[in-house]
Amino acid sequence: MKAFRQARNNSPLCSTRKKLGLSQQELADRLGVDRSTISLVELNLRSLPTAALLKLAALETSGELAAMERGPDMEEETETMNSAELNAWTRYCNQLLLQERNCNQNSHLLQRKLDNMTGLYNKTNEWLQAIDKAAEVRENAWSKRQRLVAMGRLSKCGLITQYLLQRRIDLLKAEAELNQNTYRQCQDDYVNLFLNQ
């Protein structure tokens, strides 16, 4: 949830809306779209329709004209705001890298655990087969106890448990890839928003 808030606060539309001093509903009314559309655009889950983009450009232009009329004091405030936005942007990008690294480390740890589990499962299966062969010749209390121990081990590292662990590893790898792609997009947006001004 925190990442979504940060993504929304770092989105270009959110910055523009705040500079214009409008709420999401007010901006939606001026652009002729639903408030939910503004919210989705600020979360980078959707883009604005062309007609809304043209209206937004007109709003921004009128906002810049008003800023020019207000004078140089307001420009310093805007410059400070841009510096704060840049710092927030950098923190968000660094957080994405940290999350990617954590996901990769966790997936490696779980992969090692899965490999150990698979090895234990195979050895326990071989052990169980040996117990069954010994029980065919002569079943006694020892073979029954050994069978119970082997079955207990199999229940802890069975195929279903291995499958679920593999799904967790896949999810962590997907999350790491998502963080990496989002980081790359942030770097592109950084160039477009801050360096090309």
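Leaving aside its neighbours within four places in sequence, with which residues is leucine 165 in contact? Select leucine 165: leaving aside those neighbours, its contacts are Leu110, Lys113, Leu114 and Met117, where contact means heavy atoms within 4.5 Å.

Before the next selection, some notes on reading the model are in order. This is a predicted model, in which local features need pLDDT of at least 70 and side-chain atom pairs count only at pLDDT 80 or more, while totals for chains, interfaces and linings use all residues. Residues are numbered from 1 along each chain as its sequence is written, and side-chain values use heavy atoms, with hydrogens and water left out.

**The whole chain**

Display the protein chain as a cartoon. The chain contains eight helices and zero strands; helices (H or I, at least four residues) and strands (E, at least two) are DSSP runs, numbered from the N terminus. Along the sequence the pattern reads α-α-α-α-α-α-α-α. Of the 197 residues, 28% count as buried, a term that means under 20% relative accessible area, with exposed over 50% and partly exposed in between (1.4 Å probe, protein chains only). Among contacts in the protein chain with a separation of 6 or more, 69% are between residues 24 or more positions apart.

**The nonpolar cores**

Select Leu110 and Leu165 together. These are the residues with the most contacts inside the largest nonpolar core, which has 14 residues. A nonpolar core is a set of buried Ala, Val, Leu, Ile, Met, Phe, Trp, Tyr and Cys residues joined through side-chain atoms within 4.5 Å. Helix H6 (72–137), helix H7 (141–156) and helix H8 (159–195) are the elements that give two or more residues to this core. H6 gives the most, with seven residues. Apart from this core lies another, of twelve residues, among them Leu13, Ala28, Leu48 and Leu59.

**Asparagine 179**

Remain in helix H8 and select asparagine 179, which lies there. Is asparagine 179 buried or exposed? Asparagine 179 counts as buried because its relative accessibility is 7%. Leaving aside neighbours within four places in sequence, asparagine 179 is in contact with Leu96, Gln99, Glu100 and Cys103.

Move to helix H2 (residues 12–20). The buried residues of H2 are Leu13, Cys14, Ser15, Thr16 and Arg17. Glycine 21 follows H2 and has a positive phi, near 75°. Next select leucine 22, in the loop between H2 and H3. Leucine 22 is buried, with a relative accessible area of 11%. Not counting residues up to four places away in sequence, leucine 22 touches Arg17, Leu27 and Arg30.

**Helix H3**

Select residues 24–31, which form helix H3; Gln24, Leu27, Ala28 and Leu31 are its buried residues. They lie on the same side of H3 because they cover an arc of only 100° around the axis, the arc being that of the directions from the helix axis to the C-beta atoms. An α-helix has 3.6 residues a turn, so residues three or four places apart point the same way. Glycine 32 follows H3, and its phi is positive, near 75°.

Thr37, Ile38, Ser39, Val41 and Glu42 are buried in H4. Threonine 37 counts as buried at 6% relative accessibility; not counting residues up to four places away in sequence, threonine 37 touches Arg46 and Leu48.

How do the helices pack against H4? Angles under 35 degrees count as roughly parallel, over 145 as roughly antiparallel, 65 to 115 as roughly perpendicular and the rest as oblique. Axes are lines fitted to C-alpha atoms, for helices over the stretch in contact, and angles run from 0 to 180 degrees between N-to-C directions. In this contact, Leu13, Cys14 and Arg17 of H2 meet Ile38, Val41 and Glu42 of H4.

The axes of H3 and H4 come within 8 Å and cross at roughly 110°. That makes H3 roughly perpendicular to H4. Here Gln24, Gln25, Leu27, Ala28 and Leu31 of H3 meet Arg35, Ile38, Ser39 and Glu42 of H4.

End at asparagine 44, which follows H4 and has a positive phi, near 60°.
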